[in-house]
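I opened this notebook to record what I looked up about pockets and paired charges. The entries follow in the order in which I made them.

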Amino acid sequence: SATIREKATIYQLLKRPGLDLDTLTQSELPAFDYIRQQTDDAKEQAIIEIKYRDYIEKEQQVAEKIMALEDLQLKDNFDYHAITSLSTEARLKLSKFKPKTLGQASRISGVNPSDISILMIYMGR
């Protein structure tokens, strides 16, 4: 791992590639006493939380966004063929299945996230 040139928390150190809890706690620093007393399961859970927190938070935001779209109503007579920026497959499938909500549209095979974004823009959202 690269040399550490400034103060860093244990949390920041554990996010670095190549550093793990066992390596850090080999130090005799009193700050690690509490960590050394924890069970292996507790240590593993903490490491997972630290290393993947940003990814988990991002996925939660995506899930919340999808839930917000779930009930966004689409007009029954919506002309998908008029939106040329949609993929051809999306236009065909949306016209065929006529989803009632944006959530339903997002679950149609062949309708990708960029198509849903285009629909949102077209709807003024």
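Entry 1, largest pocket. I listed its lining as Val 62, Lys 65, Ile 66, Leu 69, Gly 103, Ser 106, Val 111, Asn 112, Pro 113, Ile 116, Ser 117 and Met 120. The elements that contribute two or more residues to this lining are H4, H6 and helix H7 (113-122). Helices here are DSSP runs (H or I, at least four residues), numbered from the N terminus. On a 1 Å grid over the protein atoms alone, a pocket is an open set of points where a 1.4 Å probe fits, with protein on both sides within 12 Å along at least five of seven lines; lining residues have an atom within 4 Å of a point. I noted a volume of about 230 Å³ for the largest pocket, a volume being the space filled by probe spheres set on the points, which are joined across faces, edges and corners. By class, I recorded 7 nonpolar, 4 polar and 1 charged residues in the lining of the largest pocket. Ala, Val, Leu, Ile, Met, Phe, Trp, Tyr, Cys and Pro count as nonpolar, Asp, Glu, Lys and Arg as charged, and the others, including Gly, as polar.

The model is predicted; local features need pLDDT of at least 70 and side-chain atom pairs count only at pLDDT 80 or more, whereas totals for chains, interfaces and linings use all residues. Residues are numbered from 1 along each chain as its sequence is written, and side-chain values use heavy atoms, with hydrogens and water left out.

I noted 6 salt bridges in the structure, each a side-chain nitrogen of Lys or Arg within 4 Å of a carboxyl oxygen of Asp or Glu. Lys 15 and Asp 54 form one at 2.8 Å, N to O. This pair links distant parts of the chain, 39 residues apart: Lys 15 is in the loop between helix H1 (10-14) and helix H2 (21-25), and Asp 54 is in helix H4 (residues 40-70). Lys 15 is partly exposed at 34% relative accessible area (buried is under 20%, exposed over 50%, partly exposed in between; 1.4 Å probe, protein chains only). I also recorded Lys 93 with Glu 89, at 3.6 Å between the closest N and O atoms; both lie in helix H5, 4 residues apart.
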